[in-house]
Amino acid sequence: MNEFQRILYDGEGEQAAAALRLLLDQQQGVAAVATLWQNPYWRELTAQGKPRDPYPHARALLVGAQTHRIRVPSELSYEERAQWRELAVANGDARLSYAERAGVLDGRIVQHLSGGPELLDAYLSGPGDHFTRHEHALITAALDANRLGHTAPIPEALLAEAADGSLAPHHRAAHEDWAAPILDALAHGERTDGTRTDVRCTLTPLRAQRDAAGAPPLYEPTDYLRQHIPRVRADQAGAPALWEALCRHTADIADLERLQDAAWKRGLFRYAVDLDRRAAIAGSGDALIRIVERTATHPDADRVAHWAATRVDLSRAQQVDRLFDTLNASEAQEAIDALAHRFIVQTDPTDSTAVGVLATSLAAKGVSPEVVEALVNSLVSQADLLKIDALALALPNLQRVSTDGTFRLLAQRTVDNLDLMKTRSVVRLIKVLEVAGAHHLLEKFAHRIVAEASSIDPDELPFLMAALWHAEAKEAVHSLISLDIATRVGLDNVATILPLLQVLRAAEANDAIRAFLNRAPSRHIDLAPGPDGTESIVCELLHNLWQMGATGEFVILADRAAAQMDLQDPGIVAALLELLRSAELEEALSTLLGRDLAGHLSSDDPSWVQPLLAALRSVEATEMFEAVAMRLVDDLDFRESEYIEEVTRVLLAVDAEQAIDGLVTRAKAEANTGHELLSVLSLFEAGAQEAAQQLAMYHVSVTDETELDEISLLAWYCQMCHAPDAVRELLNQGFVDRADIGSSWEPDAYAVLLEAISDVEGERAAHAFADRAAAGIDLDNTMGIAHLLKAMTMAGLSRPSAVLIQRASAGASLEHINSVANLLEALIDAGADDAIQDLLRREPTSQVDLTWGTSACETLLSALRKVGSPQAEDFTRRARAAGGLPVESLLPYGLETDGRPAAAWSWDW
């Protein structure tokens, strides 16, 4: 799969990546080979932390265990070049020999094999050399379109319009269809006159493809140019003709999304909004949201909001919710109500449930009260057609959003007609009437229940009695009790028995209580797990029986629960243990403890197990306590540091020292698995400091690391858990002394080691390490230099600081924006004014890669302004054109492509 990014960036790229990963995981003997540029494709597809994570399956495929990444070096070493020559001779391939000779100075033999550097030079030489003016304009249009986000193959019309608009009037072709033959020549390498547009008859600047027979050709720049041009042209915002052509001709939603982002970041608001409008029309809900958010301060904000309200797809609930939120934030009330009306007109006014849910939802989303009330009134107008069960279900929602008069009309109909055999609906109606303060209707409904009680299932009456008692309809409850409910209710369902006993106790119906208990309900209750949480209800019933003094029933049920009740919920088991301990039921307690509580344990949350451990401790069940605690340790996944921390906190809270020792033992066994150090910090942050320090010392004792980055990481973990003895042991073993001082690429490695050495060995040892680091750190590691210099400055190490400052100002790499900004900040902190001027004379702003993003550009600009550099003004212009600076201050109209403030534009531009 050459140019694998074409598949992964496709509309179905995520599905393809997931399918390929599944195939490679499950099917032995299958291999897939793909090529992919490191920058930007690998970096973009594997990046984490992006909003809504655009490429999760692609990243999982590319960095997963089933993938072996083969890096093709940008430059071949001396040994590799020798192997290349041998390969060329052995195969008699002149192309290999030519590439080897062409790359003898820069080592970029692979690139020369493809003709890439020559093609890049030909383009950068400008029009009039290898390419004509028209050819160069078309290539530029293709490169800029791709660079700004049009990753799909580009139609001829887009390229022709963008290129034509970028040419001076006197350079434009005389006929309209001028671009077709030139694009054909650029894609196939030969002009109509026989001269060549390609490099060495192999590499063309553009590629052509046709998606279907008879379809017009589409074009895309060759990958070598796509790889190198973005940085070269990063400070070019794109010509107006290009943006206008992109707005007119881009059809792919993903491309529209990328292009609007590029336009917005450059302050080109007019183009960004137009691209988003086209994306919204094509079906992008995100685009609708952005349009409303970004035009909130625009004079046409109300029109835009109304347009979005009429455009959003009502079947996509999440997008609708987001749009409501955005419209509310913009205070676009008319648009909010317009969106609400779209829902209302498609809702059946006789569907009480749908109207109730919608009315509540719309009220919560900021819809005008009169709009919501009109919706509810539609039910009243259709009262004779309403289904009573549905109306009963809808009343809680209707009560929250309707006027008192409308609610009472609908509630009256429900009270008079609801089927009393539908217990849940009856209970719900009682609660709604109680909350609404509809006392007259509640009293009327209670009288109806009493009057028809003989037709109601006795096993359902306890639920109605509980609801009525809570609603203060006590007279009705007493009437129901007088109907001898205690002798009629079934004895097997604990969910029925508990509310009955609770109501009888509250009503002080002692005769009814005695009559019920005389039936020995504890012997008949079904203890099998049920959907209503049988175990928790049983525990609550036991608690009630104990409080009532019903000792006989309590003992019988407690004995049965200890022997039969499901043990998967640790909180329920803990409650049962405490009940048995309080009642001093030693035999039942022994029965429960003999049931292997650790083996039955089922919980993904350690905090749920803590009450069980505490209960086991309180009943002095030491052996079972240790078994349950060790079950937590045995189930640990050492890749999940937060879970380790949670388990440790639980074990510390219940003084499970033996289990913590077991955790440390397991952590030691995880050494060299790639995640063993996480447990050190997790133990420390959970409060198990001694265990963390013991584990840190163990990892130091078994390490065989020779890389400075890994040694630094181990030292950092030791410092974080306050283990100076472990740091001292790490240094005493000579790992730092033996490591290649220039090998580190971790920005904090040198600074971390310097701090660790200073803390445990003192200033002399710190000076010695700082001297080595200052002289040996790789000058390409600019961020590492900056962090090291800051650490030296804080430690007052003037001698190595001077060495590092001189090396950095004269030779540190100036490619990475954030690194250069941090280096400037470090030089400012060190008071190295001369070195700052030396660094600025190297013109870092012309060397940095502007494609690194907003925060990096801001950081460098801030540093430049701190030192009063005149380069700040030019960098501001270039960073703005690259999309590297915040744009909020440019609202509402933004900028033109040349950086000037944009003229006022309207929604209809």
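Where is the place of Pro892? Pro892 lies in the segment after helix 53 (871-881).

## Basis of the model

This is a predicted model, in which local features need pLDDT of at least 70 and side-chain atom pairs count only at pLDDT 80 or more, while totals for chains, interfaces and linings use all residues. Residues are numbered from 1 along each chain as its sequence is written, and side-chain values use heavy atoms, with hydrogens and water left out. Helices are DSSP runs (H or I, at least four residues), numbered from the N terminus.

## Backbone features

The peptide bond from Leu891 to Pro892 is cis, and its omega is near 5°. Glu584, although not a glycine, has a positive phi of about 55°. Glu584 belongs to the loop between helix 33 and helix 34. Most residues other than glycine have a negative phi, and most peptide bonds are trans.

## Helices 33 and 34

The axes of helix 33 (residues 570-582) and helix 34 (residues 586-593) come within 8 Å and cross at roughly 155° (axes are lines fitted to C-alpha atoms over the stretch in contact, with angles from 0 to 180 degrees between N-to-C directions). Helix 33 is therefore roughly antiparallel to helix 34 (angles over 145 degrees count as such).

Leu576, Leu577 and Leu580 of helix 33 make the contact with Ala588, Leu589, Leu592 and Leu593 of helix 34 (contact means heavy atoms within 4.5 Å). By class, this contact of helix 33 with helix 34 has seven nonpolar, no polar and no charged residues (Ala, Val, Leu, Ile, Met, Phe, Trp, Tyr, Cys and Pro count as nonpolar, Asp, Glu, Lys and Arg as charged, and the others, Gly among them, as polar).

## Helices 23 and 24

Helix 23 (residues 404-417) and helix 24 (residues 423-436) have axes that come within 12 Å and cross at roughly 150°. In helix 23, Phe407, Arg408, Ala411, Thr414 and Val415 meet Leu429, Val432, Leu433 and Ala436 of helix 24. The contact of helix 23 with helix 24 comprises seven nonpolar, one polar and one charged residues.

## The cavity

A search of the whole structure finds one cavity of 30 Å³ or more (a cavity is a set of points on a 1 Å grid over the protein atoms alone where a 1.4 Å probe fits but cannot get out; lining residues have an atom within 4 Å of a point). The largest cavity holds about 40 Å³ of space (grid points are joined across faces, edges and corners, and a volume is the space filled by probe spheres set on the points).

Helix 29 (494-506), helix 30 (510-517), helix 31 (534-548) and helix 32 (551-564) each supply at least two residues of its lining. The lining residues include Ile497, Phe516, Leu541 and Glu553. By class, the lining of the largest cavity has nine nonpolar residues, one polar and one charged.

Notes:
1 Å grid on protein atoms, 1.4 Å probe; cavity = no way out; pocket = protein on both sides within 12 Å on 5 of 7 lines; lining within 4 Å. Parallel < 35°, antiparallel > 145°, perpendicular 65-115°, else oblique.
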